[in-house]
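Dear colleague,

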Amino acid sequence: MNQQKQSLSFTGLPAYKKLSDHHKQIKNVHMRRLFSLDPKRFEKFSIEHHGLLLDYSKNRISSETIALLCQLAKEAELEKWRERMFKGEKINNTEDRAVLHTALRNCSDKPVFVDGEDVMPKVRAVLEKMRIFSGELREARWKGFTGKPIKHVVNIGIGGSDLGPKMVYQALNPYHHKKIKLHFVSNVDATHINALLKKLNPETTLFIISSKTFTTQETLSNAHIARGWFLKAARDEKHISQHFVAVSTNKKAVSEFGIDTENMFEFWDWVGGRYSLWSAIGLSIMIGIGAENFNKLLQGAYDMDEHFQQAPLEENMPVILAMLGIWYNNFFKAESHAILPYDHFLRGLPMYLEQADMESNGKSVDRDGRRVDYSTGPIIWGTTGINGQHAFYQSLHQGTKMIPADFIVSIQAHFNFQKQHNIMFSNVLAQTEALMRGRTYEETYAYLTAAGEGPPNLSKRIHHMVFEGNHPTNTILIEKLSPRSLGMLIALYEHKIFVQGIVWNLNSFDQWGVELGKQLAKQILDKIYQPNTVDSHDASTNALINYYRDRVRLD
């Protein structure tokens with residue numbers, strides 16, 4: 001395993017102390033004042049790149065804040081770590097692996113080396129194999145066991161093998177194939193897959209089993225249910241090869257399942273699950289939107305990769321987003337961050353980023369194995385913005401917790417409902433302005449008296465209708481939600497997560513926190529089937545296992 005020299009603790013960096021002192025000076029300054037003092041605040045605190053605009057002016061910052069945050073990033077050696085990642089060095093030190101999801105969308109002719117081997121020929125070969133296979137499905141040349149073309153494709157996976165492809169497929173709805181519909185199954189609760197299978201025809205359904213090791217319990221459990229359902233109709237295992245393909249690295253297990261290994265799509269250990277939609281895990285995406293659009297998705301991510309590598313830190317979109325998050329997380333003690341897309345097609349983005357961010361930086365031990373004494377990754381959550389306005393925005397505006405938020409909206413709509421789109425866009429700006437400005441007691445008094453409220457009602461309501469404001473937001477404007485702009489947006493957040501992990505001195509690319517539960521689940525499953533009363537766990541777990549066993553059939 002590669003041994004790295006120990007890094008200086010996050011709180012030991014010189015800029016951390018400077019930021020702590022700066023925070024004391026600025027923490028009570030209202031953004032209203034900051035805007036009144038600087039009419040060019042938007043120009044100073046916004047970045048545009050290839051049609052993606054980040055406005056971060058509605059944050060509790062000054063030019064000094066940004067300078068100090070970028071100094072903190074430099075002291076954490078962000079630029080060195082960024083170079084190491086793109087060069088294929090094994091920065092995932094606990095698993096001794098490179099971190100090269102960026103190689104999957106490398107649209108240049110530059111080689112990318114891992115252990116002295118240029119990985120780009122293999123990357124391009126898998127993309128070409130995906131292109132040929134998806135083309136056969138989309139053009140109805142791939143037939144089922146009765147000679148009918150495939151109409152439904154079911155992606156069976158979990159975590160990164162499910163959330164990324166599902167989110168992208170939802171987001172790119174206007175680009176969907178007209179005759180092939182995609183479905184995504186992840187939940188090991190059989191209700192999920194059974195409800196879907198009732199709607200499908202075995203003759204016209206193809207399954208993609210997405211599991212790197214082909215041993216993931218939840219995925220294989222669902223895969224075997226699908227296999228049994230299919231064979232009940234097909235009656236002959238030889239037909240499995242026409243209706244099942246695999247995204248995996250385990251040829252033996254894939255073959256034993258009955259899948260022709262010629263229909264196995266490979267990816268590599270330097271592709272982390274939550275960063276894998278750009279790989280063969282994206283096969284379902286390519287089937288859904290076509291190879292040309294999939295390439296545009298990759299191109300968009302590559303555009304953001306180039307920006308991330310080349311732009312100065314002070315003008316670097318992922319760096320600014322990341323460092324603002326650190327500003328609130330570590331100095332204002334904000335515990336969560338909301339993702340609020342004002343686009344129904346982006347409804348899967350908050351859940352996707354929950355995994356991408358919290359599985360990456362939800363760590364309490366730094367990359368050198370030391371217990372941290374500072375807050376790391378925040379709780380990521382959210383939903384589509386208009387729905388959120390009628391649900392939890394009350395807490396954003398008047399609650400006791402600081403919740404920084406990203407508002408994401410397209411300028412151009414795909415469908416000709418411009419009036420509705422204008423309503424939605426106006427709501428984005430209204431919410432970010434209201435969160436920033438708030439409404440003072442005096443303004444509320446004037447509003448109520450203008451509305452005809454007399455003294456009895458006015459005194460009852462006025463304190464409940466005052467808004468403190470000064471709540472930070474970022475606004476991300478997309479010219480139009482397309483494969484290329486979506487690729488840029490996803491890569492923006494990937495690099496934001498990377499930057500924060502480096503500054504917090506974390507390994508953002510392992511996920512040991514998911515292992516213990518898996519191991520205990522296997523042990524408990526074995527105990528459920530044993531004949532004797534279970535007494536080898538704690539009193540609560542023993543009682544619950546035995547209670548369950550007494551009430552279910554175990555055959």
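This is a predicted model: local features need pLDDT of at least 70, side-chain atom pairs count only at pLDDT 80 or more; totals for chains, interfaces and linings use all residues.

Residues are numbered from 1 along each chain as its sequence is written, and side-chain values use heavy atoms, with hydrogens and water left out.

Pockets

A pocket here is an open set of points on a 1 Å grid over the protein atoms alone, with protein on both sides within 12 Å along at least five of seven lines; a cavity is a set where a 1.4 Å probe fits but cannot get out, and lining residues have an atom within 4 Å of a point. Points are joined across faces, edges and corners, and a volume is the space filled by probe spheres set on them. Helices (H or I, at least four residues) and strands (E, at least two) are DSSP runs, numbered from the N terminus.

The largest pocket has a volume of about 1100 Å³. Its lining comprises 42 residues, and T216, Q511, V514, E515 and K518 lie nearest the centre. At least two lining residues come from each of helix 9 (217-234), helix 15 (349-361) and helix 22 (515-529); helix 9 gives the most, with 4 residues. Divided by class, this lining has 14 nonpolar, 18 polar and 10 charged residues. In that count, Ala, Val, Leu, Ile, Met, Phe, Trp, Tyr, Cys and Pro are nonpolar, Asp, Glu, Lys and Arg are charged, and the others, Gly among them, are polar.

The second largest pocket holds about 360 Å³ of space. Of the 15 residues that line the second largest pocket, D343, A413, F415, H421 and M424 lie nearest its centre. Strand 12 (405-412) and helix 18 (418-437) are the elements that give two or more residues to this lining, and helix 18 has the largest share, 4 residues. The classes in this lining are 8 nonpolar, 6 polar and 1 charged.

Cavities

The structure contains 4 cavities of 30 Å³ or more. The largest cavity has a volume of about 70 Å³, and the residues lining it include Y328, H337, D357 and K496. Two or more residues of that lining come from each of helix 14 (317-330), strand 10 (336-341) and helix 21 (483-503). Helix 14 provides the largest share, 3 residues. By class, the lining of the largest cavity divides into 4 nonpolar, 5 polar and 2 charged residues.

L525, Y529, Y548, V552 and L554 make a nonpolar surface patch of about 440 Å². Such a patch takes residues with over 30% relative accessible area and no salt bridge, joining like charges within 9 Å and nonpolar side chains (Val, Leu, Ile, Met, Phe, Trp, Tyr) within 5 Å. Accessible areas come from the Shrake-Rupley method with a 1.4 Å probe, and for residues only the protein chains shown count as cover. V552 itself lies in the segment after helix 23 (539-549).

I132 belongs to helix 6 (residues 120-138). I132 and A291 are 159 residues apart in sequence and 8.9 Å apart in space, C-alpha to C-alpha. I132 is partly exposed, with a relative accessible area of 41%; buried means under 20%, exposed over 50%, and partly exposed in between (1.4 Å probe, protein chains only).

Salt bridges

A salt bridge is a side-chain nitrogen of Lys or Arg within 4 Å of a carboxyl oxygen of Asp or Glu, and the count by this rule comes to 27. The bridge between E453 and R461 has an N to O distance of 2.5 Å. E453 is buried, at 17% relative accessibility, while R461 is partly exposed, at 40%. Salt bridges that share partners also join R32, R437 and E443 into one network.

K296 and E292 form a salt bridge as well (3.8 Å, N to O). These two residues are separated by about one helical turn because they are 4 residues apart in helix 13 (residues 291-310). K296 is partly exposed at 38%, and E292 is exposed at 56%. In the salt bridge between E83 and K87, the closest N and O atoms are 4.0 Å apart; E83 is partly exposed at 46%.

With kind regards
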